[in-house]
Amino acid sequence: MSARARIVITGIGCVTPLGANVERTWAGLVAGRSAVDVIRRFDASGFTTQFAAEVKEALPLELPGRYAHWSDPKSEFAAAAAAEAMADAGLAPGAVDPFRFGVSVGAEVSRPDLPIVAERLQALRASTPEQAFAAVDPKEFLVMSAFYPATLLAHLHGAAGPNLTTSTACTSSAQSVGDALRVLRRGDADVMLAGGTDRLVEELMVMGFGLLGALSRRNDDPQGACRPFDRTRDGFVLGEGAGFLVLERLEHAVARGARIHAELLGYGCSANAWRITDSPPDGRGARQSMQMALQDAGLEPGDVDYVNAHGTSTQQNDASESAGIIGALGDAAYRIPVSSTKSMMGHLVAACGAVELIVCVQAIRTGIIPPTLNWQHRDPACPLDYVPGEARASRVDVALSNAFGFGGSNGTLAVGRFQA
Amino acid sequence: MPAELKDVVITGCGVVSPLGLDPGDVHARLCAGETASAPITAFDPTPFPARHACAVRGFQGKDWVENRKNLKLMTPAVQYGIAAIRLAAQSAALVPGVVAPERLGMFVGAGTAFGEMGDLVPALEKAMVDGHHDARRFATEGMPIVNPLWLLKGLSNNVLGYASALLDAQGINQNYCNSGVGALQAVGEAAWAVAEGRADVIIAGASDAAFNVEHLTGFGRLGVLSAGDRGRPFDVQHDGFVVGDGAAFFVLESAAHAASRGARSLARVAGMGNATALRGLSGCDPKAISAAFQGALRVAGWAPTTIDVVHAHGNGNPRYDAAEAGAIASTFGPSGPAVTADKGGLGHSISAAGGLSLAVALETMRTGRIAPIVGLTRPIPEAHGLDLVIEAPRSHAVKRSIIHCAGLGGQTCALTIEAP
């Protein structure tokens with residue numbers, strides 16, 4: 001693999017609680033603005049956690065033809081973010097050989113919102129089983145599936161190549177991007193549209209994560225609730241949205257004169273092999289994931305200028321991740337800025353890996369490192385430089401982005417300034 | 001130049017299937033023309049446009065999962081997956097100490113986890129106010145009676161989460177929720193990960209359970225189920241598929257690693273090809289199917305004429321059978337390979353189906369007997385040029401095989417394997 005293909009990022013797009021595109025999301029992050037607020041989508045006043053980071057802006061997207069009906073919120077987030085990435089890459093429909101153009105998405109199955117489920121339950125009571133069967137919307141089974149966003153994006157952008165969907169909870173889109181990198185390197189495609197999407201601010205998820213005790217309950221201060229690496233952190237804050245990147249083999253990008261944002265240098269992945277909802281305190285899974293990414297990228301710890309942490313703001317993740325960063329980067333860890341942008345936009349779960357990789361690309365392009373909002377109290381278990389409160393001007397040539405999840409999968413992506 | 005997939009071998013195979021838990025038996029029973037398809041008695045099938053299913057019989061989760069607390073959180077599909085993983089590890093003599101935990105990976109194809117919505121009915125009833133769902137009431141009255149671990153039961157990566165902990169597999173991993181291509185993509189991507197040097201050994205495969213009310217409703221409304229007593233791939237009477245349950249997992253490692261520990265090779269993984277149908281939402285595009293075949297042949301470096309057997313997807317859908325038959329004819333030419341398919345005997349276990357086909361393909365190689373297509377007596381006109389194996393098994397030394405599977409979103413994946 002000595003003459004390994006180089007893979008570059010030529011397009012980025014996102015929908016986040018801070019804004020429905022990269023520009024507004026990035027502006028929010030640089031300004032240190034929190035998108036966390038009391039939940040408006042439903043009456044959350046009875047829930048143990050009553051706040052989240054919702055996507056509130058209208059999506060800059062109209063789905064064509066029947067796709068307007070064949071969609072659900074997660075696929076709409078995906079379609080909007082992917083459309084921005086494709087436009088940003090300057091790729092018009094038909095610009096890439098369809099069979100050399102693939103899609104890799106991190107996503108999870110979705111479910112109808114609870115009022116709809118309840119309505120059906122009522123209807124079920126009043127009807128025969130045959131009537132109940134006939135009342136089910138035929139497209140729902142397909143549209144709710146985890147793989148549907150990948151199907152939709154393939155159709156919308158004419159991508160007839162490899163089509164992959166990863167569902168590893170919070171690690172999904174770090175791994176979907178990692179897969180895209182592998183597919184491109186080995187030559188199974190020239191261009192991959194890779195990213196992730198998730199829609200989380202609904203009753204079932206607020207209940208489900210709430211019952212597990214994973215969510216912050218700081219109901220009196222929603223904007224101060226997500227405080228990664230701060231000693232007083234008490235859980236994560238649900239966000240939602242999508243992030244997509246256009247990844248391309250370097251020679252393909254050069255041949256079409258594409259503008260190159262950054263180079264995707266490496267991918268690492270490990271499993272905690274521990275318990276479903278938490279990770280070993282020594283951070284070994286996080287360490288192994290980062291080490292594999294560095295090795296894959298041919299980098300030394302000292303080359304790293306910024307780590308966008310998974311940093312969920314749970315007691316357990318942030319301590320374990322800090323230990324993992326120190327394990328992987330050694331002494332260098334103490335002088336490398338580490339920030340968690342979840343402090344501002346919440347936890348985008350299946351979308352966080354891709355969105356936070358876009359954050360790293362923006363840090364490289366602009367020389368600005370976004371802060372960890374709400375970091376105030378040092379935790380002995382989290383002894384690193386977390387860029388508290390305010391964005392920092394700092395040249396970034398190489399960044400790492402971490403994502404870790406329920407089920408124990410860990411993913412790390414290494415991205416760098418492109419140098420011909 | 002595309003990278004080569006060199007010297008990755010399969011050293012173990014484990015299955016949980018409607019025709020038993022031993023790959024040799026499954027193959028022998030298919031050779032005898034047996035089908036597992038039987039009338040549905042587990043619940044009243046009257047509302048559904050299907051009366052038959054392929055159930056896994058006599059399977060006890062507690063035989064495979066020692067931890068009873070965990071077992072309670074595992075759906076049947078998760079239990080099948082864990083059993084098949086243990087059987088695969090056993091078959092490859094993969095005992096603790098054979099491989100370092102961080103060098104042992106796991107790639108899983110999983111089905112759609114609906115999140116056990118039925119468990120929420122009592123809570124939803126409590127939230128009903130004047131015939132409408134009340135979110136506040138749901139939180140205050142309903143939530144307290146929901147199992148706090150409800151969310152965990154619905155995680156789509158539970159096979160990976162539990163099995164990686166069970167086997168201390170800390171290496172690279174994946175969980176694909178990608179409909180019918182999950183198994184072969186997991187095996188193919190795992191083979192590449194071994195070739196990339198990311199792991200010494202990877203356990204890869206898939207599990208799924210389609211024999212349940214949710215899948216019969218979803219597939220029934222999409223109009224893809226057979227009303228008959230079994231699936232009839234490529235037969236003039238084909239009218240859809242019969243749902244099935246199952247799991248199939250494989251142990252992959254480099255030939256050198258296998259040799260160093262004295263493990264026998266069942267076959268070499270030679271290539272994988274992926275493509276996506278962009279016409280309609282059922283994937284009936286012969287061009288995409290051909291592209292997947294050609295991709296798997298190209299990576300292997302093989303001419304189509306060197307293939308001995310095609311293990312077709314053969315889902316019994318009239319349009320899909322016609323498209324697949326056309327693609328086989330156009331890819332492999334007039335004096336093409338023997339064509340077999342197993343869904344008439346095993347049903348369609350969606351994510352797991354391609355894995356069961358791979359297990360059958362390995363047994364076909366080992367025994368030199370190609371099973372007939374159960375359910376096929378009179379081929380459709382589109383298949384007239386194909387060398388379909390009908391009625392009786394055929395003796396044939398099998399050196400090279402190709403296995404094909406497809407998903408509901410138009411994903412299509414082919415895998416080439418070679419006898420040791």
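Student: What share of the contacts in chain A with a separation of 6 or more comes from residues 24 or more positions apart?

Tutor: First, the idea: two residues are in contact if their C-beta atoms, placed from the backbone, lie within 7 Å. In chain A, residues 24 or more positions apart account for 81% of the contacts with a separation of 6 or more. For chain B, 80% of contacts between residues at least 6 apart in sequence join residues at least 24 apart. Before we go on: this is a predicted model, where local features need pLDDT of at least 70, side-chain atom pairs count only at pLDDT 80 or more, and totals for chains, interfaces and linings use all residues. Residues are numbered from 1 along each chain as its sequence is written, while chains are lettered from A and ligands numbered from 1 in the order in which they are written.

Student: How many helices and strands does chain A have?

Tutor: Both are DSSP runs numbered from the N terminus: helices are H or I with at least four residues, strands are E with at least two. Chain A has 13 helices and 14 strands; chain B has 14 helices and 17 strands.

Student: How many residues of chain A are in contact with chain B?

Tutor: There are 73 of them, in contact with 73 residues of chain B. Helix H3 (residues 114–125) of chain A gives the most to chain A's side, with six residues. By class, that side has 40 nonpolar, 22 polar and 11 charged residues. For the classes, Ala, Val, Leu, Ile, Met, Phe, Trp, Tyr, Cys and Pro count as nonpolar, Asp, Glu, Lys and Arg as charged, and the others, Gly among them, as polar.

Student: Is strand S4 of chain A mostly covered or uncovered?

Tutor: Start with the cut-offs: a residue is buried if 20 or more other C-beta atoms lie within 10 Å of its own, exposed if 12 or fewer, and partly exposed in between, with C-beta atoms placed from the backbone. S4 (residues 101–106) is mostly covered, with six of its six residues buried. In a regular strand the side chains alternate between the two faces of the sheet. Here A:Phe101, A:Val103 and A:Val105 point one way, A:Gly102, A:Ser104 and A:Gly106 the other way, and all are buried.

Student: Which strands are joined to S4(A) by bridges?

Tutor: Two strands pair if DSSP finds at least two bridges between them. S4(A) runs parallel to strand S6 (residues 191–198) of chain A, with six bridges, and A:Gly102 stands opposite A:Met192 there. Four bridges join S4(A) to strand S5 (residues 163–166), also parallel; A:Ser104 has A:Leu164 as its bridge partner in S5(A).

Student: Where is A:Phe229, and is it buried or exposed?

Tutor: A:Phe229 is in the loop between helix H8 (203–211) and strand S7 (241–249) of chain A. Its phi is near 70°, a positive value in a residue other than glycine. A:Phe229 is buried because 30 other C-beta atoms lie within 10 Å.

Student: Where does B:Phe234 sit?

Tutor: B:Phe234 is in the loop between H9 and S9 of chain B. It has a positive phi of about 65° although it is not a glycine. B:Phe234 counts as buried, with 27 C-beta neighbours inside 10 Å.

Student: Why is B:Asp239 called partly exposed?

Tutor: B:Asp239 gets that label because it has 16 other C-beta atoms within 10 Å. It is found in the loop between helix H9 (213–222) and strand S9 (245–254) of chain B. Its C-alpha atom is 5.7 Å from that of B:Asn317, 78 residues apart along the chain. Leaving aside neighbours within four places in sequence, B:Asp239 is in contact with B:Ser226, B:Ala227, B:Gly228 and B:Pro318.
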